[in-house]
Every structure is written in C-alpha cells, then in structure tokens.
Amino acid sequence: MDPSLDMWDFSSLISLWINRFYIYLGFAFGFSLWICFQIVIRKQNKNSQEKTVPKASRDLMTNGYISLQKKEVFVSGVKIFYGSQTGTAKGFATVLAEAVSSLGLPVALINLKEYDPDDHLVEEVTSKNVSAFLVATYTDGRPTESAEWFCRWLEEAANDFRFGKTYLKGVRYAVFGLGNSAYVSHFNKVGKDVDKWLWMLGAHRVMSRGEGDCNVVKSKHGSIEADFTAWKARFISRLQALCKGERKPCGGNCKKGKCESNQHGSEAMEPGSHAQEGFHQRDAEQEEPFGSTSEEESGTEDHQSLKSVIDVEDLGKIMDRMKKEKREKERQEGETSLIRSTVKNEASERRAMITPALREALTKQGYQLIGSHSGVKLCRWTKSMLRGRGGCYKHTFYGIESHRCMETTPSLACANKCVFCWRHHTNPVGTEWRWKMDQPEMILKEAIENHQNMMKQFRGVPGVREERFEEGMTVKHCALSLVGEPIMYPEINRFLKLLHERKISSFLVTNAQFPAEIRNLKPVTQLYVSVDASTKESLKKIDRPLFKDFWQRFLDSLKALAAKGVTYCGESSASSLTMANVPWHEEVVRFVCELVDLIPDYEIACEHEHSNCLLIAHKKFKIGREWWTWIDYSRFQELVQEYEDTGGSRTFSAKDYMARTPHWALFGASERGFDPKDTRYQRKNKSKDISGC
C-alpha cells in the first residue's frame, strides 16, 4: 500500500476533528429550516380548513360555547351465553369471543348452566352490552341439560303477567341456534323459543336469528360450521355498526326473528318520521306481535307514543324506583292479611284465574274444573281402595279411608314454582288474590257432584267391591292438597265450615308462605305445612318462591303452626326428576331415625312403605305403649259443632278426638303400613329388621 495515501487519510481525519463545530452548526441550521418549513405548511392547512367552517360556528368556538366532549359509548361489551351438550356450541362461542376481542371490545363467555337469570338478566337492561345466545336443540326439541333451567325460567317469565312486556326493555341480543333439520318437527326449536321469549319480555333483537344445520344436505351453507361462520360475519358487521351508534336493521317487533327491514348502513330516521311509521307498520303486518297476559300491563306503559322517549341512562333510576316500590308493597303485604287485602276490589273487576288455554291443559290431565279457580280430581288411591288394594299413607297414619276421600282445591294458584312439582307448572302463580272469586257454597256443591260423577264410572268395573263403591259415593274426607295453594282462597274459613257442617273432615296442605292466613285459620281437622328444605339457599333453589321475603314467611308460618300442632310427613313426586332421585325406603328410615334423635319428645309412630314415608309423632299421642295417631272423626265433628255454638269460646285439642292406631300401621310392623284385609297385602315377614333405630 502507498504510504502517502495513509498519510492523507490521517490528515483528513484531523482536519474534520478540528472543524467539527462548523459541521455541527451546519446540521443544526438545516434542521431548523426544516422545522420552520413544517410549521408554515401546517398553518396554511389550518387556515384553509377554517375557511370551510361557517362564520356562526367560528363565533361559537371563539366564544367558548363548544367544547370537546367525551366520546359516547354505544356498546360497552359483549356477553356470549352458550348452552352445549357435545361441545359444539361452546366451541362456536369461543370462536365468536375471539372475533369480538379483535374489535377491542370486552367480552365474557358464560355457560348457561352457571348463570342465574333471576338475579342477573335484568342487569343487562342498563349495561349497554350486546348479548349473544348460542343454544343447541337436544332430544325431542328440548334444551341441553346446561341450558334447561335458563330456558325454563325464560319461558315462565315470558308467560307470567307479573313480569310484563317491558321487563327486559333495553336488552340487546342476537340468537344463533344449533339443530338438525332431519328432525323436522323441532328443528332449532330451542333457538326459536329463546328468541321469542326474549322478545316477549321486551328485549331488542339487533339482527335476525341464525340457524345452524347439522344436516349437510339441507344446510344453507353446506355445514353447521359454515352456517355459523356466515352468521358470525353478519354479527361482527352489525356489532361494528352498533359501536358507531347506527340504528338496528331489525325493528324488534317481530316474533320469529326473521323480519326484513328497509334500513341499511348508517341511515337513521328521526323519531316520528313518516318513514319510520311505515317501517313499524310493515313489521306489524308481517308478524303479529305477542299479546300480554296481564290486563294491567297492556296500558300506557307499553303503548307510549314515539315522542315519549326515555333516556337509556335513566332506566337504571326507573328500575331502582320500581324495585323500591315493589319491596315496600311486599312489606305491607306481609303485615296485612291476604284476606283483608283482597276484599277491597269487587270481584266483577277481576279476571278469571282459569284461562281457556289453562282449562284445556288441566282438563287433559284429568281435572274437573269448578267455576273460575277451583278443581277436583280422583286420586289413584281412591281407585285402589275401591278394589280393596289398600289406601294411601293418610289411611295408615290417621285412618282416612281413601275411597271416601275427595281431593280438591279452592285455588289453583300457588306462590311457589317447586322443581319437583308434579303438576308440570300449568297452574297460575301469584302472591295475592287477584282474580274473580266464586262463593264457597257453589265450589263445595260442584266439587261433590263432580267427584260423585267420576266415582260412578267405576260401578260394575271388575275388581271394584260393591260395599266400598256404595261407601265411596258419600264423601267423608276432603284433602285440600290437589294443586295450588288452598289457603290463598279468601273464603277458606267459610269453605272449611261448610265441610264440617256436612260431617266431612278437612286435610289442608300449605307451602308456608302465608303466615297471617295460618294464624287466622279456623279449626281444621289436619293442617300440613310442607318443609322442603332446611336453609334459605336450598329453599330458594327447590321451591323457587315468588315472595322476596320467602324465608321470613317460612319461619313465621312454622311459628304460627306451633300453636296448632305439628306433624312431620312428606312424599316426593317427579316431573323433570327421575326415579334415580328417589331414595330407597331403608335410606328414608335411616334418615328419619337420625332426625328423631335431634327432636326432643318425638318418636317414629307409623310407616307406609309404598309411599316411602314415615310419621313422626309427639309422645303425647303415645299412651302407655300404644300410639293414638288415628282420628275419631265423629268426635271431631261434635267438637267443631260445640266450637261454633259457643262462638269459639269452647276450645279443644287433638287429644280430645284421637283414636288408637292399629298394629299393622305401626313402624316396624311386618305389614309395613298395609291393611291385612286388603287384597294387595300378600307379603311375608321380612328377615331384614329396620325397626330398631
């Protein structure tokens, strides 16, 4: 390498180092010119924009009347509810959640099995969320196990006049159903039902319902996955529009979720405009809206004019005020007897409890309906004893002859929706008497006539004993336990008095939600209070009471019962439950033995193995070594007459009309509660002894 070249490079570097300050100055000057140039350009752009703003607007801005406002939030998040059996709906929900998250929106995945709509669904009214429901249709058109409770609650709420057509007003939702069109009669039935019930409660559908089809031959897009992908794309597109504050294309006034609209994109119509009036008119023509089941709720609240607009943010205050008023009303109801509160309105202003649809449903179940709120039905134990095959546990425990017992109720309504109800929840519900009222004389007269007419059908039937048939034509006992809550009937005391005047004993069952009515109850032969759970939480889940203060009512009812005497007894029947939920008789015996150890002065007296139940009685009904749990019904009627003749001053207790219990009815007897005279009793003594607990 040339030595002169190396020398030149070294000298150049030294020169640059010596003059470095001039170089820095040149760079700084150039950068300053560039900054000035950018400032000039931006100022020119600003001036050109100001020229396009009207003078009035510039004056407002300079005077300070327009300020930057916080951007309004139209969608605060998305909640995705799913009911899945095989995992398909859950998988779709996960995919949808990922798509929603890509929009920057908060998203929540909710398994309907773990969701309590009674406590949380109404919160969506003011949340500004959009709810997506992905529900599958399972066997015979039923919901999946995980969505069964949610669907049952939603259906009952939609058909319960207490909720009304505005209960979910403000909730925005979309539904995607999963089904198989091979099952034509119930294809996507659950998705359709959920869509319909939400709409009936006042929720607003943001887009038409999607229907996924596992039948690839009939699937609109070739597979259920493709059906979901297409619906998801429409949902995301609709969600983006909602985030911008655009109006929904579905008017929310159709019942099937398949309405078409002339609204597209961000076109918005002013309230009260001719275009909007035409839009709602077309919806009304295409789809008949569902009517409310409540006459009280079909007034002004749901038929407000378009000019009567309530701000969405004010709905929370309105709901709070309504809840406060409801709580206050319920508190007043707890302090005032149901009987006194119902006589304020005339019966002519009330509607009938039995609607045409309810009448048809109950008639199919074998009920003979009486007037507008009562019914009678022939018990299977009545038929059994007519044939000499034994009676129910009431015969074993108390001596009630089943073939001479009439099962009836003066009130088909109830204040609970018990999960084990064998009446399939077809009866009305309510917390007070709000219907027309029939007179007790008419109810009893027609109840006996209907009962006798049903009994006549057994004349000459093979196996029916002639002497028992003749006895059965004269009613001697009345079980007020058929359906509903008989103690709700405002004239229950007059009804009981009429029974006793006819020498008919009374067996009344109540669900422990009307303590005031229990306290005001006149003499009744037997009073039962159903105790279905031992804690507040379990009682709420099992009985599903309508009263908010149900637990206090339950406790007060037990206190009221203590003054009248207590009998522990129960039986369980199934609706959605199966035989797998029913314990073996030996298990019941062990449980009752442990229970008796915790109850002072009580012992197990009787047993009816066929009904899988035992009778726990107070030791005061045990004289010497003999139990006296049976009833001398003739003596009871004499005592009731004395009570009436003395204006209530002549009091009496159960010990005044008790009778000795036969040996075959006692706990541990080889007959296990079966009368040896009955033809069905053919059992041998069991080697297994379960009586020594």
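# Aromatic packing and strand pairing

Phe 636 is buried, with a relative accessible area of 1%; buried here means under 20% relative accessible area, whereas exposed means over 50% and partly exposed lies in between, with a 1.4 Å probe and protein chains only. The structure is a predicted model, in which local features need pLDDT of at least 70 and side-chain atom pairs count only at pLDDT 80 or more, while totals for chains, interfaces and linings use all residues. Residues are numbered from 1 along each chain as its sequence is written, and side-chain values use heavy atoms, with hydrogens and water left out.

## Overall make-up

The secondary structure of the protein comes to 22 helices and 18 strands, these elements being DSSP runs numbered from the N terminus (helices H or I with at least four residues, strands E with at least two). Of the 693 residues in the protein, 44% are buried. Among contacts between residues at least 6 apart in sequence, 73% join residues at least 24 apart, a contact being heavy atoms within 4.5 Å.

The UniProt annotation "transmembrane region", taken from an unreviewed entry, covers residues 21-41; UniProt positions are given in the numbering used here, feature names are shortened, and annotations may be inferred rather than shown by experiment. In the model, residues 21-41 are 100% helix and 0% strand, and the end C-alpha atoms of the span lie 31 Å apart.

## Aromatic rings

Rings of Phe, Tyr and Trp (its six-membered ring) are taken to pair if their centres lie within 6.5 Å, with planes under 30 degrees apart counted as stacked, over 60 as edge-to-face and the rest as tilted. By this rule the count comes to 26 aromatic pairs. One of them is the tilted pair of Phe 176 and Trp 231, with 5.3 Å centre to centre and 40° between the planes. Phe 176 belongs to strand 4 (residues 172-179) and Trp 231 to helix 8 (residues 224-243), so this pair ties together parts that are 55 residues apart in sequence. Both Phe 176 and Trp 231 are buried. The edge-to-face pair of Phe 636 and Phe 652 has 6.2 Å centre to centre and 80° between the planes. Because Phe 636 lies in helix 22 (residues 633-645) and Phe 652 in the loop between helix 22 and strand 18 (658-659), the pair ties together parts that are 16 residues apart in sequence.

Phe 176 and Trp 231 also belong to a cluster, in which ring pairs link them with Phe 92, Phe 228 and Phe 235.

Charged side chains are found over rings as well, the criterion being that NZ of Lys or CZ of Arg is within 6 Å of the ring centre and within 35 degrees of the ring normal. The charged end of Lys 394 sits over the ring of Phe 507, 5.1 Å from its centre, and Arg 553 lies over the face of Phe 547, at 3.7 Å from the ring centre.

## Strand pairing

Strands of a sheet pair through backbone hydrogen bonds, either parallel or antiparallel. Two strands count as paired here if DSSP finds at least two bridges between them, and the table lists pairs in the model.

| Strands | Bridges | Direction |
|---|---|---|
| strand 7 (residues 368-370) and strand 8 (residues 374-377) | three bridges | antiparallel |
| strand 8 and strand 9 (residues 405-409) | three bridges | antiparallel |
| strand 10 (residues 477-480) and strand 11 (residues 505-510) | four bridges | parallel |
| strand 13 and strand 14 | six bridges | antiparallel |

An open sheet of six strands, with mixed pairing, has the order 7-8-9-10-11-12. Its edge strands, each pairing on one side only, are strand 7 and strand 12 (526-529). The twist averages 20° from one strand to the next, with axes as lines fitted to C-alpha atoms, for helices over the stretch in contact, and angles from 0 to 180 degrees between N-to-C directions.

Within this sheet, Leu 369 has Gly 375 in strand 8 as its bridge partner, Lys 377 has Glu 407 in strand 9, and Leu 480 has Leu 508 in strand 11. Strand 7 and strand 8 form a hairpin with three residues between the strands, where Gly 371 takes a positive phi near 60°.

## The hairpin of strands 13 and 14

Strand 13 and strand 14 form a hairpin with four residues between them, and Asn 612 in the turn has a positive phi of about 60°. Asn 612 is found in the loop between strand 13 (602-608) and strand 14 (613-618), and at 18% relative accessibility it counts as buried. The C-alpha atoms of Asn 612 and Pro 583 are separated by 8.4 Å, with the two residues 29 apart along the chain. Glu 603 stands opposite Ala 617 in strand 14. Five of the six residues of strand 14 are buried, so this strand is largely enclosed by the rest of the structure.
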